[in-house]
Amino acid sequence: MIQLQDEALLEDLLAAIHATFGHHTGYRATHSKGIVAHGTFTAAPEAARLSRAAHLQGQPVPVTVRFSNFSGVPQTPDGDMMASPRGLGIRFHAGEGAGTDIVAHSFDGFPVATPREFLAFLQGIAASVSPTAPDPAPLETFLASHPRARHYLETVKPPPRSYTTIHYFGINAFVLAAADGTLSTGRYRFEPLAPPETVPEHEVPTLAENYLADELEARLAQGPAAMRLIFQLAGNGDDTADGSQPWPYYGPQARHEQVLGELQIEALASDQVQASSQLALNPARLIDGVQLSDDPMVPLRNALYRLAASRRR
Ligand code: HEM
């Protein structure tokens, strides 16, 4: 596992997250409300040509999935602005050891490209929501020089009809290594098989607080929900170290993509509290056939998710 030595940066990041959302013992620092389900992933035949990873060879692999809301406040209602972007974290129980994870969210892009910028962004947000003396100035100064962060904050993110009817983006680039050593750099994307659907603005006030968990439970009682896992290959000139910049996946600029396989979400975990607390997903949990790219955010996320998970208890 990759280590990130800058402990002060990690502590500062976690402190800024807690200053924004509060510290809720037993819950994740962000994406604190979620629901865990079990299912199966089956790789498409072409996936093995891109990667030798155990979960991409075509045998069905058991998976654990956690859908979540962005907010670090577990009581945030599902229809609230702070509940977006939504999260999809998945563990493939394949290969040796604990398996491998993807941690994705429903916004195509990210406010910043580097750990230090992320700290400045979070500190700006924390200052602007401070219960004692809210001060919007640091955030405004930051946004003035960071258009991607402004775009992230100002884009309307309508609530999904279901956790399973929206796209999720891996944001940070990874490298797939084939059996013959060929390397392919790209980003993950999950695409629903059901038609994508969000809730229109006029309906949002009528949404129940936990409608997404209720919807998932009702949907799975009728049968599995299916999503496709796609690998979007970096094009010429794409900066694989900058997750803040989306790469189009439709239209004339669409990057070449490869379907890696299909995810069947089958049943909710029976003990949600235990399933959620036992799971510590981490985008840097890799296996042979999946490697880090030059994106500096993944080593940072690795160290911070581990620190945050250890502080949940
Ligand atoms: C440097 C940037 C980032 C920081 C500092 C950060 C921070 C965190 C922290 C502290 C947690 C809680 C971990 C735990 O207690 O297990 C978390 C969870 C999560 N993050 Fe991030 N994150 C970052 C980037 C991203 C990106 C780019 C995405 C989407 C692609 C993302 C999506 C998620 C999701 C979905 C979860 C919940 C995972 C679960 O269900 O267990 N994060 N993040």
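## Exercises on a predicted model

H8 gives the shell around the ligand its largest share, seven residues. Keep in mind that this is a predicted model.

**Exercise 1.** Work out which elements supply at least two residues each of the shell around the ligand, and how the shell divides by residue type.

*Solution.* Start with the count: 32 residues surround the ligand, and the closest are His31, Gly87, Gly89, His105 and Ala308. Next, look for the elements: H1, strand E2 (61–69), strand E3 (86–92), strand E4 (100–105), H3 and helix H8 (297–311) each bring at least two residues. Last, sort the shell by type, and you get 18 nonpolar, ten polar and four charged residues.

**Exercise 2.** Describe how H1 and H3 pack.

*Solution.* First, get the geometry: helix H1 (residues 7–21) and helix H3 (residues 115–128) meet at an angle of about 30°, and their axes are 8 Å apart. Angles under 35 degrees count as roughly parallel, so that's what H1 and H3 are to each other. Then check the handedness: their crossing is left-handed. Sorted by type, the contact residues are eleven nonpolar, two polar and one charged.

**Exercise 3.** Is glutamine 258 buried, exposed or partly exposed?

*Solution.* Locate glutamine 258 first, in strand E9 (residues 257–268). Then count: it has 18 C-beta neighbours inside 10 Å, so glutamine 258 is partly exposed. Leaving out residues up to four places away in sequence, glutamine 258 touches Glu46, Leu50, Ile230, Phe231 and Leu233.

Definitions and conventions
Residues are numbered from 1 along each chain as its sequence is written. This is a predicted model: local features need pLDDT of at least 70, side-chain atom pairs count only at pLDDT 80 or more; totals for chains, interfaces and linings use all residues. Axes are lines fitted to C-alpha atoms, for helices over the stretch in contact, and angles run from 0 to 180 degrees between N-to-C directions. Helices (H or I, at least four residues) and strands (E, at least two) are DSSP runs, numbered from the N terminus. Angles under 35 degrees count as roughly parallel, over 145 as roughly antiparallel, 65 to 115 as roughly perpendicular and the rest as oblique. A crossing is left-handed if the near helix is turned anticlockwise from the far one by less than a right angle, and right-handed if clockwise. Ala, Val, Leu, Ile, Met, Phe, Trp, Tyr, Cys and Pro count as nonpolar, Asp, Glu, Lys and Arg as charged, and the others, Gly among them, as polar. A residue is near a molecule or strand if its C-beta atom, placed from the backbone, lies within 6 Å of it. A residue is buried if 20 or more other C-beta atoms lie within 10 Å of its own, exposed if 12 or fewer, and partly exposed in between; C-beta atoms are placed from the backbone. Two residues are in contact if their C-beta atoms, placed from the backbone, lie within 7 Å.
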